[in-house]
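Walk through this model one piece at a time. Keep the sequence and the 3D view open side by side.

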Amino acid sequence: MDTLIMVGQLLLGLSILVGLHEGGHMLAAKLFGMRVEKFSIGFPPKIVGFKYGETEYSLGAIPLGGFVKISGMVDESMDTEQLASEPQPWEFRAKPAWQRLIVMLGGIIVNVITGIIIFIALTYDRGETYFSRDQVIEHGIVAYDIGQQIGFQDGDKVLEVNGHTYESLSDLSNADVLLSENGYYTVDRDGEIIKIKIPRGFINSFSNQEAMSNFIDIGVPFVVMESVKGTHAAKLGLQEGDKVLAVNGEKVRYFTDFQKKLEEYSSKQIDLTYERNGQVKEGEIDVYEDGTIGVLVNPLIEPVRKSYSFNESIAKGTEKAFSVVIVNARALGKMFTGEVSTKNVSGPIGMAKIYGSSWDWVKFWSITGLISMILAFMNLLPIPALDGGHVVFLLYEMISGRSPSEKFLENAQKVGMVLLLALMVFAIGNDILKLFTGG
């Protein structure tokens with residue numbers, strides 16, 4: 001069932017984005033009087049379809065893309081028969097270069113607009129929920145394995161990132177920070193100000209969502225909310241408001257500390273030190289096999305919840321949308337230098353895992369908005385067979401006054417298709433490798 005949910009979300013998200021992308025090409029083409037022969041979501045073989053006017057609309061069996069066939073255009077169909085005859089008024093090749101340019105940019109523009117709208121809507125509807133810099137400084141952090149590897153310790157108070165203040169805990173691990181050149185964190189450790197360097201290629205440590213949760217988190221102080229009736233905690237007499245101070249004489253600062261200690265002493269007896277109404281008490285208590293004692297706790301901090309007006313959401317949502325493009329452009333550049341591993345390239349399996357195994361509409365639209373912006377960026381790359389490749393040839397024509405020959409465009413399309421197929425095979429191979437290695 002988990003797999004079905006992941007696949008279902010991926011197929012729905014891609015269908016929406018591909019349909020809108022190809023729709024952008026189609027509407028621009030029809031606007032300028034070009035004949036659109038086919039519009040398909042998914043690649044052949046065709047599952048179902050119908051014809052309306054001059055256009056055949058269909059749904060393909062391979063749901064990893066889609067296409068629009070415009071008369072007189074060299075595209076992935078490699079249908080060059082009509083190119084042997086004289087251009088007809090309704091053909092792509094018969095139209096001015098500026099009109100053809102708009103048609104090729106139509107899908108990209110629609111994906112950008114879609115991404116912006118999604119991020120604006122989510123910002124307006126949900127606002128933001130986060131632990132603030134002030135809370136991080138007040139309570140300190142918990143350092144997990146990846147955080148400890150670069151030098152973080154429990155209780156560190158992060159003051160700055162790359163010499164600048166930050167707004168929220170998530171800012172400490174966003175891609176912009178992890179991709180920074182000579183990046184560093186400024187930390188207050190028991191009154192001593194130190195710098196923790198961000199190693200080159202550190203972003204490669206965050207290959208999946210599990211890794212993100214293995215970096216750092218805010219330290220959460222807590223008190224007892226209640227003891228479950230009939231458990232070891234109830235027998236000891238732990239009450240609402242009791243504050244755990246130590247386990248077997250070892251100081252407990254955060255709830256994560258408490259969890260670790262209980263897991264360490266599972267199925268054993270421990271000495272528990274706690275405070276009640278200003279008085280320190282001690283007692284012996286048995287720990288269950290699963291590392292619990294039968295107590296519910298109450299965290300002493302709550303995340304900040306921030307709402308935005310509609311006008312504020314427009315600015316904030318647009319900023320979020322374009323930050324996705326900027327980060328991906330930087331990551332692609334660092335991939336060529338070797339700083340970012342090509343193992344981070346994911347195919348459909350990786351994308352499905354990002355959506356997750358539970359159907360959460362907020363998460364679904366967040367990821368779909370992110371993918372929409374990534375699709376826009378990837379399609380703008382100057383690779384033949386992608387929109388960006390066509391754009392480069394059209395700009396050359398507009399600047400030089402000469403269009404590349406149809407034979408050149410046909411061969412360039414073939415090269416582009418080979419490159420794209422190779423990239424898809426590589427991405428799917430990465431996905432399969434991660435499945436077997438747990439990456």
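A residue counts as buried when its relative accessible area is under 20%, as exposed when that area is over 50%, and as partly exposed in between. Keep those cut-offs in mind while reading this predicted model.

Start with Thr 186. Is Thr 186 buried or exposed? Its relative accessible area is 9%, so Thr 186 is buried. Thr 186 sits in strand E6, residues 184-189. Which residues does Thr 186 touch, leaving aside its neighbours within four places in sequence? They are Lys 157, Val 158, Leu 159, Glu 160, Ile 193 and Ile 194.

Now look at the sheet around that strand. It is an open sheet of 3 strands, in the order E5-E6-E7, and the pairing is antiparallel. Strand E5 (157-161) and strand E7 (192-197) are the edge strands, each pairing on one side only. From one strand to the next, the twist averages 30 degrees. E6 and E7 are joined in the antiparallel sense over 6 bridges. Tyr 185 faces Ile 196, which belongs to E7.

Strands of a sheet pair through backbone hydrogen bonds, and the pairing can be parallel or antiparallel.

Move on to another open sheet. How many strands form the sheet that contains E10 and E12? There are 4 strands, ordered E11-E10-E12-E13, with antiparallel pairing. Strand E11 (250-251) and strand E13 (279-286) stand at the edges. Each has a single partner strand, so one side of each is left without a neighbour in the sheet. Strand E12, residues 269-276, pairs with E13 in the antiparallel sense over 8 bridges. Within this part of the sheet, Leu 272 stands opposite Gly 283 of E13. Helix H8, residues 255-264, packs on the sheet. H8 touches strand E10 (243-247), E11 and E12. The direction of H8 makes about 45 degrees with that of E10.

Stay here for one backbone detail. Asn 248 lies in the loop between E10 and E11. Its phi is near 50 degrees, a positive value in a residue other than glycine. Asn 248 has a relative accessible area of 29%, so it is partly exposed.

Next come two helices. Two packed helices are described by the angle between their axes and the distance between the axes. The axes of helix H9 (residues 310-337) and helix H11 (residues 361-379) come within 9 Å and cross at roughly 50 degrees. H9 and H11 are therefore oblique to each other. Their crossing is right-handed. On the H9 side, the contact is made by Ala 321, Phe 322, Val 324, Val 325, Asn 328, Ala 329 and Leu 332. H11 contributes Leu 370, Met 373, Ile 374 and Phe 377. Of the residues in this contact, 10 are nonpolar, 1 is polar and none is charged.

Follow the chain past H11. Ala 385 is placed in the loop between H11 and helix H12 (387-400). Phi of Ala 385 is near 90 degrees, again a positive value in a residue other than glycine. At 14% relative accessibility, Ala 385 counts as buried.

Finish at strand E1, residues 36-52, where Pro 45 is found. Which form does the peptide bond from Pro 44 to Pro 45 take, cis or trans? The bond is cis, with omega near 10 degrees.

Conventions
Residues numbered from 1 in each chain as written. Predicted model: local features only at pLDDT ≥ 70, side-chain atom pairs only at ≥ 80, totals over all residues. Heavy atoms only, no water. Axes fitted to C-alpha atoms, helices over the stretch in contact; angles between N-to-C directions. Helix = DSSP H or I, 4+ residues; strand = E, 2+ residues; numbered from the N terminus. Parallel < 35°, antiparallel > 145°, perpendicular 65-115°, else oblique. Left-handed = near helix turned anticlockwise from the far one by under 90°. Contact = heavy atoms within 4.5 Å. Nonpolar A, V, L, I, M, F, W, Y, C, P; charged D, E, K, R; others polar. Buried < 20%, exposed > 50% of the residue type's maximum accessible area, 1.4 Å probe, protein only. Pairing = 2+ DSSP bridges.
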